[in-house]
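These are my notebook entries on one chain. I wrote down what I looked up, in the order that I looked it up.

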Amino acid sequence: MGLFNRKKTIRLNPDLPKDFSDKRSQIPDDAFKRCPNCRQVLFRKLVPADYTCPKCSYHLNFPAPERLFWLLDEGAFTQWDGDLMACNPLDFPDYDRKLQGARALTGLREAVITGQGQLDGQDLAIAIMDSRFIMASMGTVVGEKLTRLFERARELKLPVLIYACSGGARMQEGILSLMQMAKVTQAVSRHSQAGLLYISFLTHPTTGGVTASFANQADIILAEPQATVGFAGKRVIQQTLNSRLPDNFQTAERVLEVGFIDKIVARKDQHSLLSFLIQAHSTKEVANESLSNRSKG
């Protein structure tokens, strides 16, 4: 009894300076993190540029700005609609504070960055979602930015690449959030009808309304290793069915087995594969235009 109720006493080394505790408290909270896979402690400044665990190669959460810098040619990105910000259309309690907190945490105005960039000198329209911003949930501004992305890409005749991730529709915006599924889907359809390439990259996690709409409308659907891909959450499905699901349920590897995606690609191979796919498609477009001009002549 005494053993468990006894107050713990922490004895510091007497040789330490008196202000040691004050200095210790100044260490930033985000100075290090733990790999979810192997539990290795990782100092953020030592994490590789592609945000993979140095010990087990697990694909860590990749902030959108860093992913852009890592993937695209240096200095070749122009952001589109960066001034758009969500409001609180339904006066949902505490939503304004949550938005402010997400902006302070990430330095972003919304859960997706969109714009035009270059990959090995090839122009493309790109969107990268960031799960740090309210789990990359799809609200009205996310839907609007993605719709504008496809519309502008169609005007400029650019291929579209989206790195998708999301916890689903943003419940604080209710039906307005769910409407974005149909809105973006229509923009994707018009882009496809124009004969333009769309590549979707599913990252961890890609769930809910994003999975059920634009994330799986692409010509080519890729995924990162061990990413969660699905609609409803695993625990929700287990409770509904009252049965245990396989350990690999909703993993990218399992989704690949059933033909839901085309390929799983590790980050070390993504740049070269995406460059090849965009180049192959643009070569086909050039050939088709040449044949069309010859037939007209």
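I take helices (H or I, at least four residues) and strands (E, at least two) as DSSP runs, numbered from the N terminus. The model is predicted, so I note that local features need pLDDT of at least 70, that side-chain atom pairs count only at pLDDT 80 or more, and that totals for chains, interfaces and linings use all residues. Residues are numbered from 1 along each chain as its sequence is written, and side-chain values use heavy atoms, with hydrogens and water left out.

**Entry: Met 85**

I looked up Met 85 and found it in the loop between E3 and helix H4 (95-106). For burial I use these cut-offs: buried is under 20% relative accessible area, exposed is over 50%, and partly exposed is in between (1.4 Å probe, protein chains only). Met 85 counts as partly exposed because its relative accessibility is 38%. Contact means heavy atoms within 4.5 Å. Not counting residues up to four places away in sequence, Met 85 touches Arg 103, Arg 109 and Val 141. I also checked Ala 111: its C-alpha atom is separated from that of Met 85 by 9.8 Å, and the two residues are 26 apart along the chain.

**Entry: Arg 170**

Is Arg 170 buried or exposed? Arg 170 has 1% relative accessibility, so I list it as buried. It is found in the loop between E6 and helix H6 (174-193). Leaving aside neighbours within four places in sequence, the contacts of Arg 170 include Ala 86, Tyr 95, Glu 110, Ala 111, Phe 133 and Ser 177.

**Entry: the sheet**

I count two strands as paired if DSSP finds at least two bridges between them. Seven strands form an open sheet with mixed pairing, in the order E3-E4-E5-E6-E7-E8-E9. E3 and strand E9 (263-264) stand at the edges with a single partner strand each, so one side of each has no neighbour in the sheet.

I then followed E4. Strand E3 (residues 78-80) pairs with E4 in the antiparallel sense over three bridges, and Thr 78 stands opposite Gln 116 in E4. E4 and strand E5 (residues 122-129) also run antiparallel, joined by eight bridges. Ile 113 has Ile 128 in E5 as its bridge partner. Two residues lie between the strands in the hairpin of E4 and E5, where Asp 120 takes a positive phi near 55°. Strand E4 (residues 112-119) is largely enclosed by the rest of the structure, because six of its eight residues are buried.

**Entry: Phe 43**

I found Phe 43 in strand E2 (residues 41-43). Phe 43 counts as partly exposed because its relative accessibility is 49%.

**Entry: the whole chain**

How many helices and strands are in the chain? I noted 10 helices and nine strands. Buried residues make up 41% of the 297 residues. Among contacts between residues at least 6 apart in sequence, 67% join residues at least 24 apart.
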